[in-house]
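Student: Please present the structure, and let us then discuss its helix packing and its sheet.

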Amino acid sequence: MCNPEEAALLRLEEVFSATLARVNSYVLQPLLPAAPEPSDPWGRECLRLLQQLHKSSQQLWEVTEESLHSLQERLRHPDSTSLESLLLLRGADRVLQAHIEYIESYTSCMVVQAFQKAAKRRRLLQDSQDVPVAVAPLRAERVLLFDDALVLLQGHNVHTFDLKLVWVDPGQDGCTFHLLTPEEEFSFCAKDSQGQAVWQWKVTQAVHQVLRGKKDFPVLGAGLEPSQPPACRCAEYTFRAEGRLCQATYEGEWCRARPHGNFGIRLLPQASEDRFDCYKCHWREGSMCGYGICEYSTDEVYKGYFQEGLRHGFGVLESGPQAPQPFRYTGHWERGQRSGYGIEEDGDRGERYIGMWQAGQRHGPGVVVTQAGVCYQGTFQADKTVGPGILLSEDDSLYEGTFTRDLTLMGKGKVTFPNGFTLEGSFGSGAGRGLHTQGVLDTAALPPDPSSTCKRQLGVGAFPVESRWQGVYRPFQDFVCAGCPRDLQEALLGFDVQSSRELRRTHPEDSVGSMEDILEELLQHREPKALQLYLRKALSNSLHPLGKLLRTLMLTFQATYAGVGANKHLQELAQEEVKQHAQELWAAYRGLLRVALQRKGQALEEDEDTETRDLQVHGLVLPLMLPSFYSELFTLYLLLHEREDSFYSQGIANLSLFPDTQLLEFLDVQKQSFLSHFFDFRHLWPLKDLTLTSNQRYSLVRDKCFLSATECLQKIMTTVDPREKLEVLERTYGEIEGTVSRVLGREYKLPMDDLLPLLIYVVSRAR
């Protein structure tokens, strides 16, 4: 008895045989014409292929019928008919050959039909059957040049190349020339120089015409000189060859068959479904080079500079918002690895590393700041702490010694407590034992000065300020040294751009103006007052080169000192960094000025001396850029002076409890002996050089007690810009003087000795 698989095979063979019979009867035989053989080459080729297909189909039907008959015999006589009697087993090669011939015939026929349909839409410009040409290394049997594509036929394989992405490279001899495409390079070799000239001229002109969007193909020899297509062009292409770039799509500028130019987009599919890496970068000879944004399938995003396809220079790498171990690295790269000065925030561990890197690992001097307020400074090697270091806790305890990777005290060390006690010895920890030590506790030391213990600063001297952010300064310096060319201007788009999609919409012409306009305006604002207005406008504009540089510096500053990095022991590190940024911004302005003068055939005056430069940096640039760093600096200042601010706030709170008249009296008593002057009414008023009547004194107090000045000072809480805060203080001073002048009935200027107690009074009332 036959098994179910044999019965299923029988049904399959019956269906296949019936299908072949219907195809022969209703499709192929009616297509075979009874008329004479066609005269055109295409018609004769189609007829030949159709006859071959009919013949191979008939042979396959005959083989299928024979196989079907052997299966039926097996089913009728399973005991006497063995499996070896089946045609599928005893004549397997014959059956396979019949299938192969049928498939080859069918494929050949379909290819020609497809080309016939395409030819109706396309215009055939040249055929290798008319002018023979050999193609290497592909060894194409036939070459067809259409008005929009180059087609190479190799057996049953068809290779089609869009002429927009074909470059013609003349050969060294008179019979050969080369074609460049995004994935392959071909040599076209004709039998003689005339054939080579025909093919090279026609391919060149076809490429030129398709790039111009025209169909009027010129006649060979009609023009004086053949029009050469541009070497650089914009197009979209999907890579087909097996490998890392298989099915990757690139859209952007090309040069000689390689991505090359400003901000091309490459989409690289990943193994996971509907996921891909998106690269939006500058390209040079097929590799990423310059600034770009890369959005990876892992949801990580890199914004920074590349060299030869690898991260190189300054860049920011950030994990996705839903990453199990969130992180953000802001710093320098070398050959695809973190190297140099950089900041890493580990969201999972709640800590930030500020320091040096090498080969992707923490290596060299570094500072670690934690969310708990603990600070560590020491040396790293291969991502591990080595040698001694110092640890500052939130209560200002100081440990000097060795550590584990998670900053646990381990080995020899010394702890200095806030009260001056010291503990020196060996430290360790174990499972379930906590921290244990063996050493000497010294309680005889005098208590240290609180201002010196809480204001210890870390990182100063460990990282030279002038070399910390060279990766940010250098692209701008290169741009200026090159003369501010337009093709490099787009590389200064800045790191405030949020995504590659936004970057794609950005273009240099959309900015504050062309580089020529920027340089021309710069020359018109060289006088001190005009220069101040110009720099203020430039630094506040995110599309101006100086504004772009400032925003990138703001990004590095926030990555270092905002959030976890807001630690009082880093204030001096931040201050010297801001001063260095001011120097670099002034140098950037001077560089732009030099380029502007050179374009006018003039030269910049001799280099500034140190005194002049410092005057411009600290007197002009620093006040203009300081508001951009104010938030982080102010937070660091508050943390560092928390003790003093607490005393000050308590003092102001105590003063606010006094009634108005008594508070004015008290402020005067602070300056002079209360007992000796208490009953002298003149000294109840701090303006000691004025003689006021009793009505004037009480009028001054009843004049809403400097209410206008108090209301003015309260506005300082609504401002963030330090410049605006100073303006509020200036207006408050004017309101105080105005109140005094109204009481006296004449204008009066307050000396500082009289202004200060009144200002304290207004501050206490403005809380």
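Tutor: This is a predicted model, in which local features need pLDDT of at least 70, side-chain atom pairs count only at pLDDT 80 or more, and totals for chains, interfaces and linings use all residues. Residues are numbered from 1 along each chain as its sequence is written, and side-chain values use heavy atoms, with hydrogens and water left out.

Student: At what angle do helix H10 and helix H13 pack?
Tutor: Helices (H or I, at least four residues) and strands (E, at least two) are DSSP runs numbered from the N terminus. Axes are lines fitted to C-alpha atoms, for helices over the stretch in contact, and angles run from 0 to 180 degrees between N-to-C directions. The axes of H10 (residues 515–523) and H13 (residues 571–599) lie 9 Å apart, and the packing angle is about 100°.

Student: Is H10 roughly parallel or roughly perpendicular to H13?
Tutor: Angles under 35 degrees count as roughly parallel, over 145 as roughly antiparallel, 65 to 115 as roughly perpendicular and the rest as oblique. With an angle of about 100°, H10 is therefore roughly perpendicular.

Student: Which residue in S3 is the bridge partner of Leu 124?
Tutor: S1 and S3 (residues 142–146) pair in the antiparallel sense over three bridges. The partner of Leu 124 in S3 is Phe 146.

Technical notes. Two strands pair if DSSP finds at least two bridges between them.
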